Amino acid sequence: MDQIAFVFSGQGAQHPGMAEDFYRNSAGVRALFEEAETLRPGITELCFHGDPAALKQTENTQPCLYLADLAAALVLRESGILPDMLAGFSLGEIPALAFGGAFGFAQGFQITCRRGELMAAASAGQQTSMLAVLKMKNEAVEEICSRYPHVYPVNYNAPGQLVVSGSCEELEQAKADFVAAGGRVVPLAVSGAFHSPFMDEAARGFGEFLKTIPLQLPRIPVYSNFTAEPYAGQVVGCMEQQINHPVRWESIIRAMYGAGARIFVEAGVGSTLQKLIAKIVPECRVFHAETMADAAAIAKEVL
């Protein structure tokens, strides 16, 4: 029987109303939001009816997406769809770990809030950003990045898609090099140079915070952004280093495929991961679950 992998969305696809359908139709999701509300009053209103500009702020985006990702996974589980393995893109790794049992849902929410605060603080006052480079081999993108002291290859998304982080000034110069080499450049609407050395301070602070939280290895295998392998120890270390090191998404999906995954379900917001996975392992069945109707349709397909 084909194994099922749940993959959890990261920043970028957030929008007002995310997870509201799940909230209205699932007692488990309502309980999730009610507990989060006691820890950060107003988070439900922000998630469902927040101003798009406010939702783009890292300290708000991350806790809202954490709840939306977990809400989707809870509804999938209620629909009878049980994963054999888990992974999450950047922020998505936190709900993956929570769903896998590394810590409780409320603890995961606290972890996510602190992560967002630290990453926002690390970005404050810096003129940094990120852009996606398309239609180039990774090696060619890496070579151009190496010409600049503050431009880094960070998100290895799929064949022909590599995201880079850096200072706005140097990224602007590097753009011309990418285009001259045959690439296409897409600026990302983010407020910092995530997964790069610009996040070193945030990573250190996050590591110190995690030492105050009881953590354990997840019961369901969770693939680490930092190692592209299942968590097997050093939970704090992998979670900390994920912040200032590249996301090895293509390697993660190939590793999950090697472990038997043939059905991938994106739990959360949008279909970005669904599209990436379809490029990496086109022979697999790939779905995304953002509404109750999505979850019902997936259940009909895979059960």
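**Note on a predicted structure**

1. At 3% relative accessibility, H195 counts as buried. The term buried denotes a relative accessible area under 20%, exposed denotes one over 50%, and partly exposed lies in between, as judged with a 1.4 Å probe and protein chains only. H195 is located in the loop between β6 and α10 (200-210). Its phi is near 60 degrees, which is a positive value in a residue other than glycine.

2. The structure is a predicted model, in which local features need pLDDT of at least 70 and side-chain atom pairs count only at pLDDT 80 or more, whereas totals for chains, interfaces and linings use all residues. Residues are numbered from 1 along each chain as its sequence is written, and side-chain values use heavy atoms, with hydrogens and water left out.

3. S90 belongs to the loop between β2 (85-88) and α6 (93-100). Is S90 buried or exposed? S90 is buried, with a relative accessible area of 9%. The element names come from DSSP runs numbered from the N terminus: helices are H or I runs of at least four residues, and strands are E runs of at least two.

4. A53 sits in helix α4 (residues 52-55). With a relative accessible area of 47%, A53 is partly exposed. Between A53 and H15 there are 9.6 Å in space, C-alpha to C-alpha, although the two are 38 residues apart in sequence.

5. Two strands are taken to pair if DSSP finds at least two bridges between them. As a general point, strands of a sheet pair through backbone hydrogen bonds, either parallel or antiparallel.

6. The pairing of β4 with strand β5 (residues 161-167) is antiparallel and extends over 6 bridges. Opposite Y152 stands S165 in β5, and opposite N155 stands V163 in β5. The hairpin of these two strands, β4 and β5, has 2 residues between the strands, and G160 takes a positive phi near 75 degrees there. How many of the residues of β4 are buried? The strand β4 is mostly covered, with 7 of its 8 residues buried.

7. Strand β1 (residues 3-8) and strand β8 (residues 261-267) are joined in the parallel sense over 6 bridges. Within this pair, I4 has I263 in β8 as its bridge partner. Axes are lines fitted to C-alpha atoms, for helices over the stretch in contact, and angles run from 0 to 180 degrees between N-to-C directions.

8. Helix α2 (residues 27-39) packs with helix α7 (residues 105-123) at an angle of about 50 degrees, their axes being 10 Å apart. That makes α2 oblique to α7, because angles under 35 degrees count as roughly parallel, over 145 as roughly antiparallel, 65 to 115 as roughly perpendicular and the rest as oblique. The crossing of α2 and α7 is right-handed; a crossing is right-handed if the near helix is turned clockwise from the far one by less than a right angle, and left-handed if anticlockwise. Contact, meaning heavy atoms within 4.5 Å, is made by L32, E35, A36 and L39 of α2 with F105, A106, F109 and Q110 of α7. The contact of α2 with α7 comprises 6 nonpolar, 1 polar and 1 charged residues. Here Ala, Val, Leu, Ile, Met, Phe, Trp, Tyr, Cys and Pro count as nonpolar, Asp, Glu, Lys and Arg as charged, and the others, Gly among them, as polar.
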